[in-house]
Amino acid sequence: MARWAKIRFGFGFLLFLSAVSLGLFFAFLEMSMHRHIVLSQDLFGASKRLFSLTEPMTTLQAHVESTDKPQARKQRIVVIVAHGRSGSTFLASIFDQHPRVFYVFEPLHGTRKTQLKDYDKIATNLLYHIFKCDFSVGNSIRDIGTFFRFYSRALSSPPFCTFSRGDPRWQRKGCLTVTQENLELSCKVQHDTIVYKLLLERIPGQSIGKLFETCELAGVECKIIYLIRDIRPVVMSSQKVSFFKEKDRKEKSSMRQFVHSLCQMTETNLHLVRNLPLSLRSRVRLVRYEDLAVSPLDVLQSLYEYAGLEMLESIKKWIVNITHPSTKELRAEKRNPMSFIRNSLEILDKWRRLTDSCYVNVIERYCRDVMTSMGYIATEGSVEVLRNLTIPLFIENYPAKYWIEE
């Protein structure tokens, strides 16, 4: 019996040890599995985060890159429209003086040799892109980088040149070739007001309405300044630079053809402006060159406000200097047909002393309606009225002035 008791005690003790060992084993196993699950979850979470960080252009990467680059600002597009020889270079040059302005001189100049049947399509496409500061179309980079590039303060300053145009160290040889990259950087990032000067003759359809359509397609809000000058001195000045030809003409029109086209174009666009829907009336401004010449500071203050620009004292002084230059400055600019340095009051009536009265009669006959709308007084064939500079040939208040309320 004693022996059986010992055997039973030994067997029970073994069972107890086995149970304890098994319990400890399962406890250890459970703890291991839990640690494995937690570790697996951590690894999965880490791998998930790692995967998200290695995707192309991730949010984090985009944020980092975006903070490294200057941010583009909402931009205003201002388009100055005029016939050639109407003073548009002078007006645009004053906008160009403002440090917030990116100015391009006649971007459609390079399209002038395009076949007539393709012209409107190509010109519209170019405007559509450059209105969005996209200079990838056609020869826009080459044309902007060569044709009167240095008429633009923005294109004569960093990143295009080592120094800004007003810096005494500035030299043309210190300027780089214009590229798409630096054009778009300057247009999109460095400036918030984009100014383009366009000749009405080169606009698609020769219509301001087409400009509005193109702006709408591009998704930008354009403001248009339509500059008009007395057509008589416009024609006289156009003759000097051979815009038309009376004798031995092959490609150029005669004087009568030129005048008729000019006045018809102006009349059509004035009619369009007069009948603009309310939604567009605040986006166009009619300006007479004569008012600009007589009261440059007042007119330009109003146009700057219209464009959303503040008038700077430095610009006021610059305007006074170029509209009342010294004799030396006038002599230096005399042979430059594109110069905007002129005695603004003297230039108003200079044409009256030099022009042929027969030409004036032709212009007044073709352009009577336009002249009346814009407040220009006809000489009615009188040489005395034409030559007598004490008799003004334009009036302050005229019908078109009240078509669009400021």
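Hi everyone, let's start with the sheet: five strands make up an open sheet, ordered β2-β3-β1-β4-β5, with parallel pairing. Strands here are DSSP runs of E with at least two residues, helices are runs of H or I with at least four, and both are numbered from the N terminus. Two strands pair if DSSP finds at least two bridges between them.

Before going on, a word on the source: this is a predicted model, where local features need pLDDT of at least 70 and side-chain atom pairs count only at pLDDT 80 or more, while totals for chains, interfaces and linings use all residues. Residues are numbered from 1 along each chain as its sequence is written, and side-chain values use heavy atoms, leaving out hydrogens and water.

Axes are lines fitted to C-alpha atoms, for helices over the stretch in contact, and angles run from 0 to 180 degrees between N-to-C directions.

Five bridges join β2 to β3 (residues 193-199) in the parallel sense, and Tyr103 has Val195 in β3 as its bridge partner.

Lying across β1 (76-82), β3, β4 (222-228) and β5 is helix α7 (residues 208-218), which runs at about 165° to β4.

Now for two helix pairs. In α3 (residues 88-96) and α13 (residues 313-323), the axes are 10 Å apart and the packing angle is about 155°. That makes the two helices roughly antiparallel, a word used for angles over 145 degrees, with under 35 being roughly parallel, 65 to 115 roughly perpendicular and the rest oblique. On the α3 side we have Phe90, Ser93 and Ile94, meeting Ile315, Trp318, Ile319, Ile322 and Thr323 of α13; contact means heavy atoms within 4.5 Å. By class, that contact has six nonpolar, two polar and no charged residues. Nonpolar covers Ala, Val, Leu, Ile, Met, Phe, Trp, Tyr, Cys and Pro, charged covers Asp, Glu, Lys and Arg, and the others, Gly among them, are polar.

The other pair is α8 (residues 231-240) with α16 (residues 357-366): their axes come within 10 Å and cross at roughly 125°, which makes α8 oblique to α16. Here Ile231, Arg232, Val235, Met236 and Gln239 of α8 meet Tyr359, Val360, Ile363 and Glu364 of α16. This contact counts six nonpolar, one polar and two charged residues.
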